Amino acid sequence: EAKKQSAMEKEKADSKKKEQETKDKKFKDSMAKADELEREGKFRDAWMKVPEMTEFPEKADEIRKRKSELSDKFSSTGLFATEQPNV
């Protein structure tokens, strides 16, 4: 009985670890895509690719910071920008 219980706990832990790895990979892929779009000058598209804080609450500060940086860039060069970008 103890061995069975131990095996179940191990399986449960492995499942949780695999789920977390999948979630981390999804987060990293989304951030990498946002970085790529930013390099192309597509700030609004990059902002859209940054994952939502509700999906990754443990990374909320990082997501908030990234979205803020990107929104500053696209609002300063957007249609209603008051200043012209230094080109």
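**The salt bridges**

Guide: Asp35, Glu38, Arg66 and Glu69 are joined in a network of salt bridges, a salt bridge being a side-chain nitrogen of Lys or Arg within 4 Å of a carboxyl oxygen of Asp or Glu. The model is a predicted one, in which local features need pLDDT of at least 70 and side-chain atom pairs count only at pLDDT 80 or more, while totals for chains, interfaces and linings use all residues; here pLDDT is the predictor's confidence in each residue, from 0 to 100. Residues are numbered from 1 along each chain as its sequence is written, and side-chain values use heavy atoms, with hydrogens and water left out.

By this rule the count comes to ten salt bridges.

Arg66 is buried, with a relative accessible area of 10%, whereas Glu69 is partly exposed at 35%; buried means under 20% relative accessible area, exposed over 50%, and partly exposed in between, for a 1.4 Å probe and protein chains only.

Another salt bridge joins the side chains of Glu55 and Lys26, at 2.8 Å from N to O. Glu55 belongs to the loop between α2 (43-49) and α3 (60-77) and Lys26 to helix α1 (residues 2-39), so this pair ties together parts that are 29 residues apart in sequence. Both partners are partly exposed, Glu55 with a relative accessible area of 33% and Lys26 at 46% relative accessibility.

Glu52 also forms a salt bridge, with Lys67, and the closest N and O atoms of that pair are 3.3 Å apart. This pair likewise links distant parts of the chain, with Glu52 in the loop between α2 and α3 and Lys67 in helix α3, 15 residues apart. Glu52 is partly exposed at 42% relative accessibility, while Lys67 is buried, with a relative accessible area of 11%.

As for confidence, the protein averages a pLDDT of 84, and 85% of the residues score at least 70. Among the elements of the protein, α1 has the highest mean pLDDT (92) and α3 the lowest (83).

Note on methods
Helix = DSSP H or I, 4+ residues; strand = E, 2+ residues; numbered from the N terminus.
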